[in-house]
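Hi everyone, thanks for coming.

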Amino acid sequence: MQPAPLVFGVVLAAAACSAADEPALDAEFFEAKIRPVLVDKCYKCHSADAKELKGGLRLDSRAGWQKGGDSGPAIVPKNVDDSLLIQALRYEDLKMPPDAKLGKQVVADFEEWIRRGAPDPRQGESPPPRPKRLIDWNAARQFWSFRPVQRPPRPTVRDVAWPKTIVDEFILARLEDKGLHPADPANRLVLLRRATFDLTGLPPAPEEIAAFLQDDSREAFAKVVERLLASPHYGAHWGRHWLDIVRYADTAGETADFPVPDAWRYRNYVIDAFNADKPYDQFLTEQLAGDILAAQDPSISTACYSELTTATGYLAVARRFGFDVEKDHFLTIDDTVDTLGKSVLGLAVGCARCHDHKYDPIPADDYYGLYGVFESTRYPFPGCEKTKAPRDLAALVPPAEWNRTIKPHEDKLAAMNAAIKKLSETQVQSAEKIRQLFAGSARVVARGEFDDGKSQAIAAEGGGVLEPVDLKPGETLALWLFPRGNHGADSTLVEWEIAETGGELRRWSLAADVAPDLLAGNPHGDSLGNSGVWRFRDGRDGVLLAQGVRQVDGTPGLDAWRKGDTPSVFANSTDQPITAWTTLPPKSVFAHPAPDGPVVITWTSPFDGAAAISGRVADAHPGGPDGVAWRLDHLPGDARPQFIAETLAASELAALERERGELVKNRPLVPVAYAVTEGAAHNSKIHLRGDPQSLGEEVPRHALQVLGGEPLTGSGSGRLPLARWLTSRDNPLTARVLVNRLWQHHFGVGLVATPNDFGTRGAAPTHPELLDELAARFMAEGWSIKAMHRLIMASAAYQAASVGAAECIAADPDNQWLGRFRRRRLTAEEIRDAILAASGDLDETPGGAHPFPDAKGWGFTQHAPFAAVYEHNRRSVYLMVQRIKRHPFLTLFDGADASASTPVRDTTTAPTQALYFLNDSFVHARSASLAGRLQKLPDDRARAEDACLRVWSRPAAAAEVAFASQFVADYAAALADVPPAERTLAAWSAWVRILFSANEFLYVD
């Protein structure tokens, strides 16, 4: 036996010698087997000397393959199969070298090299730089939209009588250059209807028409404009334009399209901001950094704090993506950057996510310079199929108010959570002692598994009856319900009966014993008066389920014991089936295992003897599709002493959970907004090819380099510096983009026809001098949007007729030079709101929250996503806007796509639109309302004139009065199946529907 130490020492010495030689052997292997192949086959495309570096990958240095290319690291040392280089050499996806596959032995050498850890002796060679598009910044800044805004010289025109404002001088100068002349002025009724729809999205009321026609003063139209700008309907209409651009929605947009109950606050903030004529630079700053501004003012009022916090809904309403919105949050940030670029700067910044912008001077560095700002921002979580409950909503009370009213309650809740955590740890220790008691002695009595929608008896192998089990007092039977596949069945029916074969012939039934009052306790007694017989456990750690939930999802009779969301045991305690996520039979008990472990139901014997076991396990909610696995164990040994300690701890824990539930139930109500807050400030790394799993170099937060590239760092996320940069008067895009949008919504087309794209692929301005004149005035006059309305609408160009001279139309068929006004169709919202207004049914009160189902019951999935339509008679801007399943009316009439910025509404013409006016219940109801009002008038003439005034904004012609009277008489006579007293009302309703379906109603001249 003495030689053993010597032998052991020799082995150690040999191992040490081998280890000392390994680096030299590895270097030799690399030089002999790997470097020559790299030089001969790879350097042509993947080295510093390559004419074009393919895939951003260099293989002429260790740092090169460590850094990797556009697809990520080329080699994962010691992991052959996950190394992209090996996959390419094997021709699995990429095929490298592309001209011919390397020999099997060469590929085997590379596999061995990587298996050894990819030793590479090449030192001192720098990692490959990421290939970048070379941009001549001085030349780039000469593009028209990147040049500073400068007030142009006043143009000279020959027809000095036509211009009413500086706007007209620029338009007339261009018309005269083209040999064209402007159209005559529009008639007063046309102009009034045009202005009223443009500013409020509603038709003028009959009394407003009469007042305007009676006002012969030179200021008559200016008075109309002021009246309309002061109307609360102005904000409802122009706020909708902004909501189009920022892709506002009341749902998240991920696969299950979860509701966002508090998004409406941002919608109303926007409407109120337009009504208040909030300066645009302030409006933008609040939407990007309102929470930061609120936090900087210690004396801020609750109302102001709430408004500033709510404003950041601009960022929060970014679309969510995928099944797991946390995992795919990078796409939400991308949506934020993309929308910011388009809505404020008129640039497709999002195109630089995967690579430098191909056309505009926006490198990927600039994209990730902005990305870092929003990656340093905490977004609210709307919930998703994987994690249903919303969280991280922003409180709408300032810190002082929070500390006074909310913090004491939160502190008490935190202390209780700490006590629950400590007691839970004690339970884990108790469960471990019980596990050790049974370790090695447990016997499997029966087991089974079955597919989705099936069931299985608790029986012997092959389906036979189980032999009775000999039991001593305190011994336990444990039924395990396992997840199979992803999760198993979320509603696993458990029918379990135990019958004493001798003695008193007593029987125990899980359903009969516990279903009537599941929450009586855990442990739970039986129907015979024995306490602590049934126990419900988390099979992962053996701990008793302590969280009792009565009326799960608000369903009476549906109670549960659970830990978090799962695992759980729940029961229908009623004598009737319960319809929840599935139909639950009366007086029944169910288990719901966790994705990563089982739930366990145990029964502890109160007698000495044999017991017969029967029952079944069934999938009560088919469609999982994973099915269920189960096992029944006999655990010898009397565990009652340990159970006593466990029961005391469980009782105390259950009491704490109940107390916590009451505390949560009575917590002070804190209004919240779907808004952002500051996160952990940091710079982002470039996502190579847009892949967040393949990271390149870190990029400091900064503004676009073509516009100065100011750093956006300092304290916090950088959102406030970003807002300051965007609203600086030195920024040439912000004011230009906004005044172009204002022009677009007054004239139908912007001076730049691509309002979201002021880049090189967008349209050039038709009137660049006018655009700069408006932008310069806009900033000089305090960024007032209402001031811009006054200027534009006071112009002769705005007040011109929509029909010009034939030769002018022939020379400028698209009205590019603005010689006449452009006729337009009403938007979807204007159509609906005008029908409501004309019928007298419009509810003018502002909208609030939508009647979404309670978040506690949300179970939406990608296969059964949220979908709803909540009708009301308020303005259409207050309709619930859904991303995946859009509102049917808004879809029919080309409403905005809430999944992306919508700078211009499409205008389609389809037969279904005409059918809508014939058949839809909304049109029928509104037509009946207006017809009812018409019947109160003295005669057909008065009725026809009043209807035309309300619907078409003009008096009825004599021929129209005659037609209406004849139509009503003929229509009523044909209604043989309608009671005579109702025929006249039905006939006038039909005639009103004709008015609503006419182009004169649907179009604005």
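Let's start with one side chain: Tyr371 has a relative accessibility of 2%, so it counts as buried. Keep in mind that this is a predicted model. Tyr367 is buried as well, at 0% relative accessibility. Where do Tyr367 and Tyr371 lie? Both are in helix α16, residues 364-375, and being four residues apart puts them about one turn of the helix from each other.

Now let's step back to the whole chain. You can find 32 helices and 24 strands in it. Of its 1005 residues, 52% are buried. The C-alpha atoms fill a box of roughly 120 × 90 × 60 Å along the principal axes.

How many aromatic pairs are there? The count comes to 48. One of them is Phe110 with Trp113, an edge-to-face pair at 6.1 Å centre to centre and 90° between the planes. These two residues are three apart in helix α4, residues 104-115, so about one helical turn separates them. Phe110 is buried at 2% relative accessibility, and Trp113 is buried at 0%.

Aromatic residues also gather in a cluster, whose members include Tyr234, Trp238, Trp242, Phe778 and Trp783.

Last, please look at two arginines. Arg188 lies over the face of Phe212, 4.1 Å from the ring centre. Arg761 lies over the face of Tyr359, at 4.2 Å from the ring centre.

Key
Residues are numbered from 1 along each chain as its sequence is written. This is a predicted model: local features need pLDDT of at least 70, side-chain atom pairs count only at pLDDT 80 or more; totals for chains, interfaces and linings use all residues. Side-chain values use heavy atoms; hydrogens and water are left out. Buried means under 20% relative accessible area, exposed over 50%, partly exposed in between (1.4 Å probe, protein chains only). Rings of Phe, Tyr and Trp (its six-membered ring) pair if their centres lie within 6.5 Å; planes under 30 degrees apart count as stacked, over 60 as edge-to-face and the rest as tilted. A charge sits over a ring if NZ of Lys or CZ of Arg is within 6 Å of the ring centre and within 35 degrees of the ring normal.
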